[in-house]
Amino acid sequence: MCLVFQNQAKTTRLASGIRGQVIWKSGNQMPSPDRPASVVKGVKREVWIYQLTNQNQTEQQEGFYRNIRTKRVKKVVTDASGRFKVKLAPGRYSLFTKEPQGLWANLMDGQGNIFPVTVRKGKYEEIQFEINYAAVF
């Protein structure tokens, strides 16, 4: 009797994506020796992930974005402490939070790309997304 064993190699795909926290800042954020620094507070929000979006591919009104002309790739909801994790294919993306006034992002690179994040194969990119439109600096 002859037994034949086949060794089937398992292919493991390393997940990639973005993980991080959305935080809220409001009120007076100016440093002062009489007042301690404000505490960072995570908040529950929808994070909208688009293909990399340049400021000329959207309209901005009073600091909020509308009419984005790139494709929305995913939407994820943070937990109560503002934490989230989302799987994404390697590539470049733009992040926004959904606010009552529109979509918010407050970070741009030198080429005018809005809150750019580069996802590399097999890695989760760690970010902190700060919502600070109600803060004074």
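The model is predicted: local features need pLDDT of at least 70 and side-chain atom pairs count only at pLDDT 80 or more, while totals for chains, interfaces and linings use all residues. Residues are numbered from 1 along each chain as its sequence is written, and side-chain values use heavy atoms, with hydrogens and water left out.

Gln-21 belongs to strand β1; strands (E, at least two residues) are DSSP runs, numbered from the N terminus. With a relative accessibility of 15%, Gln-21 is buried, where buried means under 20% relative accessible area, exposed over 50%, and partly exposed in between (1.4 Å probe, protein chains only). Leaving aside residues up to four places away in sequence, the contacts of Gln-21 include Gly-42, Phe-84 and Phe-129, contact meaning heavy atoms within 4.5 Å.

## Salt bridges

Five salt bridges are present in the structure, each defined as a side-chain nitrogen of Lys or Arg within 4 Å of a carboxyl oxygen of Asp or Glu. One of them joins Glu-126 to Arg-19, with the closest N and O atoms 3.0 Å apart. Because Glu-126 lies in strand β11 (residues 124–136) and Arg-19 in strand β1, this pair ties together parts 107 residues apart in sequence. Glu-126 is exposed at 54% relative accessibility, whereas Arg-19 is partly exposed at 34%.

Arg-45 pairs with Glu-99, the closest N and O atoms being 2.8 Å apart. Here Arg-45 is in the loop between β2 (41–42) and β3 (46–51), and Glu-99 is in strand β8 (residues 91–99), 54 residues apart. Glu-99 is buried, with a relative accessible area of 4%. A further salt bridge connects Asp-109 and Arg-92, whose closest N and O atoms are 3.8 Å apart; Asp-109 is in the loop between β9 and β10, and Arg-92 is in strand β8.

## Positive phi angles

Most residues other than glycine have a negative phi. Asn-67, which is not a glycine, has a positive phi of about 50 degrees and is located in the loop between β5 (64–66) and β6 (72–77). Phe-115 also has a positive phi, near 30 degrees. Phe-115 is in the loop between β9 (102–104) and β10 (116–119) and is buried, with a relative accessible area of 4%.

Notes. Helices (H or I, at least four residues) and strands (E, at least two) are DSSP runs, numbered from the N terminus.
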